[in-house]
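Open the model in your viewer and keep the selection tool at hand. The tour goes from one selection to the next and says what is found at each stop.

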Amino acid sequence: MAQIQRNQPLYEQLMWRIKAQVASGVLIIGEKLPSVREMALIEGLNPNTVAKAYRALENQNVIETVTGKGTFIRANDEFTADEQLIAILQEQLGEVVIEAKRASISVQELHQWLDSCYSGKPHSPRRMHGISH
């Protein structure tokens, strides 16, 4: 089970883990996901939480449920980002940039973070001047 983040609902954490696994190629198009009950056991979550995550992922065209067969990773070639999704992503990125500027993080460092997110490689935490860990 992955580490629980206290500031984010559990169903959203599961959604992001699944999305990250799709983006990194761990889960591939057409791959069958565990049933709601199986995933609940694997993740240590309530089945209702898993069902909520699966419904949200289905609404976002990440997965699809085939009656009697299961839930599968959906091909994204049919899915193109709509104007609303693009606007939301731009707004979220804008918020990150504002916070980065407040923290004196350079545009070069932000680019490195984006590159490592896209490549699936973790970036090393930034050391604060004068603070030892």
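In what sense do strand 2 and strand 3 pair, and over how many bridges? Strand 2 and strand 3 pair in the antiparallel sense, over four bridges. Two strands count as paired if DSSP finds at least two bridges between them. Helices (H or I, at least four residues) and strands (E, at least two) are DSSP runs, numbered from the N terminus.

Before going on, note that this is a predicted model, in which local features need pLDDT of at least 70 and side-chain atom pairs count only at pLDDT 80 or more, while totals for chains, interfaces and linings use all residues. Residues are numbered from 1 along each chain as its sequence is written, and side-chain values use heavy atoms, with hydrogens and water left out.

**The whole chain**

Colour the protein chain by secondary structure. Of the 133 residues, 21% are buried (buried means under 20% relative accessible area, exposed over 50%, and partly exposed in between, with a 1.4 Å probe and protein chains only).

Now select residues 70–73, which are strand 3. Two bridges join strand 3 to strand 1, and these two strands run antiparallel. Pick Lys32 and look for its bridge partner in strand 3, which is Phe72. Then pick Ile63, whose bridge partner in strand 3 is Ile73.

Next, follow the chain from strand 2 to strand 3. The two form a hairpin with three residues between them. Gly68 is in the turn and has a positive phi of about 80 degrees.

**Across the sheet**

Most residues other than glycine have a negative phi. Which phi does Asn61 have? Its value is positive, about 65 degrees, although Asn61 is not a glycine. Select Asn61 in the loop between helix 3 and strand 2; at 26% relative accessibility, Asn61 is partly exposed.

Ser104 also has a positive phi, near 60 degrees. Look for Ser104 in the loop between helix 4 (83–102) and helix 5 (107–119). Ser104 counts as exposed, at 56% relative accessibility.

**Helix 2**

Select residues 36–43, which are helix 2, and pick Glu38 there. Glu38 is partly exposed, with a relative accessible area of 45%.

**Charges over rings**

Where does the charged end of Lys52 sit? It is over the ring of Tyr11, 4.3 Å from the ring centre. A charge sits over a ring if NZ of Lys or CZ of Arg is within 6 Å of the ring centre and within 35 degrees of the ring normal. For the last stop, select Trp16 and Lys19: Lys19 lies over the face of Trp16, at 4.5 Å from the ring centre.
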